Structures are given as C-alpha cells and as structure tokens.
Amino acid sequence: MTILREVPAWNAEAHLSRTVRDLPPSGIRRFFDLVNEMDEAISLGVGEPDFVTPWHVREACIYSLESGYTSYTSNKGMPELREAIADFTKEQLGLDYDPGDQILVTTGVSEAVDLAFRATLNPGDEVIVPEPCYVAYVPDIILAGGVPRQVSTRIDDGFRVTPESILPAITEKTKALVLSYPNNPTGAIMARSDLEDIADLVVEHDLLVISDEVYGMLTYSGTHASFAQLDGMGERTIILNGLSKSHAMTGWRIGYALGDPRIIGAMTKIHQYTMLCAPIMSQMAAIEALLHGEEEMLKMKHEYNLRRRLFVSGLNRIGMPCIEPQGAFYAFPSIIDTGLSSEAFAERLLREQKVAVVPGNVFGQSGEGFLRCSYATSREELIEALDRIETFLGRL
C-alpha cells in the first residue's frame with residue numbers, strides 16, 4: 001500500500017553558494033537588455049565592434065567545417081595557432097614566448113582573466129585593481145577566493161594609475177596587481193614611462209602583474225606599451241589578449257594568455273577540467289586572422305579613430321566634458337555638472353531619448369559621475385546620438 005506524505009517545498013535559495021548569491025549581476029547587461037526592448041534605440045552601451053568579421057577569416061572557418069575539422073584540439077590550443085600568436089606577439093611587442101609551454105589559447109579573454117586569478121590566488125590573497133575597470137575583475141577575484149583592493153584613478157591623471165595610488169593599498173597579503181590598458185571604460189593608456197614608475201613597487205613587494213591587453217592594438221597615440229616589455233618584468237607578468245576587439249571576432253571566443261611556463265601550466269590545468277579547449281573552427285579562423293588580417297585590422301582602427309574624434313569633440317561641444325581617450329573605443333564623459341547620478345542620467349536618457357549608455361559607477365565607485373559611451377558604431381548613429389543627448393541636456 002502506498003503511503004501518501006506531504007513533501008515540503010524545496011528551498012533552492014538555501015542551496016546556492018553564498019559567494020555567488022552575493023555577486024551583483026553585470027550592470028552593462030542590464031542596460032543592454034533594456035535596449036533590446038525598445039524600437040529605434042541607439043546603443044552606445046555594449047563594447048562590441050559593429051564590423052562583421054572579415055570574409056577571409058569567416059571563409060577559413062567554413063573551409064574547416066567542409067574539411068571535417070570538428071574534433072577537440074590540444075588543451076593548450078592548436079600548435080599552429082600558438083605559433084601564430086608567438087609570431088604576432090614578437091612582431092607587435094618584441095617579446096618572445098615559447099608556443100610549447102608559454103602560450104594558452106582560451107575561450108575568449110574572459111576565460112583567461114578567470115584562469116589567471118584561479119591559478120595564482122590562495123584564499124585571502126589580495127589583488128590591487130585600479131578603477132574604473134572592466135566589470136569582471138572584482139567578481140572573478142572573489143570567486144577565486146581572493147580579496148580585491150580597488151584603488152581610484154583620477155581624471156586629472158588621465159585615469160592612469162600611479163605609484164602614489166597603489167602604495168597605500170599594498171599590505172603583507174598583496175599578491176598581484178591588475179593593469180588594464182588601454183582601459184575599459186575610460187580609454188586611458190599607460191606610456192612606458194608610467195609603467196616604469198610602477199615597476200619599482202612591483203619588484204619591492206614581489207607582485208605578480210596581470211596585464212589585460214585586449215585593446216592593445218587599438219592605441220591611437222603612439223604604440224601600445226606592455227608591462228612585460230620592461231627589463232625583468234616579463235617573468236612576473238601574465239599577458240591576457242585576444243582577437244575579439246582588434247579583429248572584430250567577439251562571438252568566436254578566442255583569447256590567449258602568455259607567461260611563465262609554471263603559471264601557464266597551472267592555468268592549463270584548470271582549463272582542461274572546465275573548458276577543455278576553444279572550438280577548433282574558431283581556432284582555424286584565428287590563425288587566418290593573425291597571419292593575414294593586418295590590413296583589415298588597420299582599416300577598422302582608422303575608422304574608430306575618425307569616430308573617436310567626431311564623438312569626443314561633439315560631447316565637449318554639447319556640454320559633457322570628456323578627455324580624449326587614447327585607446328580602446330570608449331569615451332568617458334563627466335555628468336557631474338548635471339546633478340544627476342550616473343544611474344539616473346543613464347536611465348532617463350534611455351527612456352526619454354532612446355540612447356543607451358552605461359553608468360560609470362558599474363565600473364567602480366570612482367566611475368560615479370561619468371558615463372561609458374562606446375563609439376564602436378557608425379558615424380551616422382553617433383551624430384544622431386549626440387543630437388538626442390543635447391536635447392536631453394536642454395531639458396534638464
């Protein structure tokens with residue numbers, strides 16, 4: 001005989017990780033979702049090129065499928081791709097990395113960021129993170145058991161991090177420093193002399209440097225400087241890079257990490273248990289992009305530069321003070337004079353004028369009073385967005 005019994009309601013909340021439960025959702029994606037619900041909205045929110053991946057790169061992927069390349073690859077990535085990455089890095093930065101044990105191909109640079117923290121941090125280790133910064137750094141550090149120590153950068157310094165701002169945040173538990181230049185969201189860059197000023201602190205306190213250089217190829221003033229280029233700094237630097245921004249390959253999910261063989265080996269160990277390998281079709285497309293994609297990459301960079309000058313001059317003209325970004329494809333104008341918070345300004349601008357921007361505070365508290373505006377969209381849309389923003393300002 002079956003005995004019926006009352007089954008209590010299951011409490012899924014009680015079974016969640018407290019760490020994950022307490023993490024805030026991405027502030028960028030919230031505005032992206034709102035835009036998708038609106039007709040005739042102009043999005044300056046999500047940091048994604050508006051260019052389609054060049055045809056010859058897409059064709060390489062099509063060829064790989066037609067030829068039956070549908071298998072796993074080495075956990076580290078295809079040898080041919082790692083060799084192409086080594087050659088590309090040598091050409092662009094003058095740095096030598098062994099494709100055999102110093103390069104790991106990841107599923108996007110986002111995975112490389114996560115792996116770098118998980119492979120190097122023990123519970124309680126502290127990581128210094130200059131802000132405003134990319135929204136994933138702090139959550140990834142927390143998920144790895146580390147403790148983020150945010151330090152503010154200032155508009156007066158061009159949003160560059162300085163030794164004076166880093167030093168007070170260093171404690172006996174400090175293990176690493178994040179450098180993310182060209183910067184998302186400010187567009188700031190670090191010159192070699194800026195990095196040299198920080199190198200003394202790194203050596204004195206025996207720090208690891210995690211250098212996110214995904215926007216490195218989109219540097220408009222001079223050439224990109226990597227911390228790993230400084231004397232003696234290569235061995236204590238993990239370079240994180242990829243093709244999403246420079247080659248318009250966001251959806252292909254190809255990133256990579258360069259560094260000491262022991263650290264790359266530790267990152268690979270996690271990678272092989274979680275992701276296994278990046279898709280082989282994307283890897284073959286990436287080989288084509290690195291070997292033959294420079295011309296298209298430079299064309300896109302030239303167009304971004306035109307948009308940068310048009311949009312930033314327009315922001316300043318309509319009364320939104322903005323320093324000229326020297327890298328990436330973001331402007332970071334100030335709205336302090338409006339008296340509105342970043343969140344309030346962004347929400348009202350979206351609802352009243354259908355222009356989506358990202359509140360600066362989602363990139364850290366030092367971003368309050370600013371907005372991130374991506375100029376990775378057409379010049380026509382940028383001009384229209386400026387007109388709508390000017391109308392909005394006039395109504396305040």
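**A helix crossing and its surroundings**

Modeller: Happy to! The crossing of H12 and H13 is right-handed. Please keep in mind that this is a predicted model. Helix H12 covers residues 342-353 and helix H13 covers residues 379-395; their axes come within 10 Å and cross at roughly 110 degrees. Angles of 65 to 115 degrees count as roughly perpendicular, and H12 and H13 are therefore roughly perpendicular to each other.

Which residues of H12 and H13 meet? From H12 come Phe345, Arg348, Leu349, Glu352 and Gln353, and from H13 come Arg388, Ile389, Thr391, Phe392, Leu393 and Arg395.

From the crossing, let's turn to the backbone. Most residues other than glycine have a negative phi, and most peptide bonds are trans.

One joins glutamate 131 and proline 132, with omega about 5 degrees. Proline 132 sits in the loop that runs between strand S3 (126-131) and helix H6 (137-143). The other cis bond joins tyrosine 181 and proline 182, where omega is about -5 degrees. Proline 182 also belongs to a loop, the one between strand S5 (174-180) and helix H8 (192-204).

The other two spots are residues with a positive phi. Aspartate 206 has a phi of about 50 degrees although it is not a glycine, and its place is in the loop between H8 and strand S6 (208-212). Alanine 328 has a phi near 60 degrees, again positive in a residue other than glycine. You will find alanine 328 in the loop between helix H11 (294-317) and strand S9 (330-331). Are these two residues buried or exposed? Aspartate 206 counts as exposed because its relative accessibility is 58%, and exposed means over 50%. Alanine 328 is buried, with a relative accessible area of 0%.

Threonine 268 lies in helix H9, residues 261-274, and it counts as buried at 6% relative accessibility. Leaving aside residues up to four places away in sequence, threonine 268 touches Asn75, Lys76 and Leu104. Isoleucine 62 lies in helix H3, residues 55-66, and is partly exposed, with a relative accessible area of 35%. Isoleucine 62 and alanine 285 are 223 residues apart along the chain, yet their C-alpha atoms are separated by 8.8 Å.

How many disulfides does a search of the whole structure find? The search finds 0 disulfides. Cysteine 61 is in no disulfide, and its nearest cysteine sulfur, that of cysteine 277, is 14 Å away. Cysteine 61 counts as buried, at 12% relative accessibility. Cysteine 322 is in no disulfide either; there the nearest cysteine sulfur belongs to cysteine 373, at 7.5 Å.

Methods. Residues are numbered from 1 along each chain as its sequence is written. This is a predicted model: local features need pLDDT of at least 70, side-chain atom pairs count only at pLDDT 80 or more; totals for chains, interfaces and linings use all residues. Side-chain values use heavy atoms; hydrogens and water are left out. Helices (H or I, at least four residues) and strands (E, at least two) are DSSP runs, numbered from the N terminus. Buried means under 20% relative accessible area, exposed over 50%, partly exposed in between (1.4 Å probe, protein chains only). Axes are lines fitted to C-alpha atoms, for helices over the stretch in contact, and angles run from 0 to 180 degrees between N-to-C directions. Angles under 35 degrees count as roughly parallel, over 145 as roughly antiparallel, 65 to 115 as roughly perpendicular and the rest as oblique. A crossing is left-handed if the near helix is turned anticlockwise from the far one by less than a right angle, and right-handed if clockwise. Contact means heavy atoms within 4.5 Å. A disulfide is a pair of cysteine sulfur atoms within 2.5 Å.
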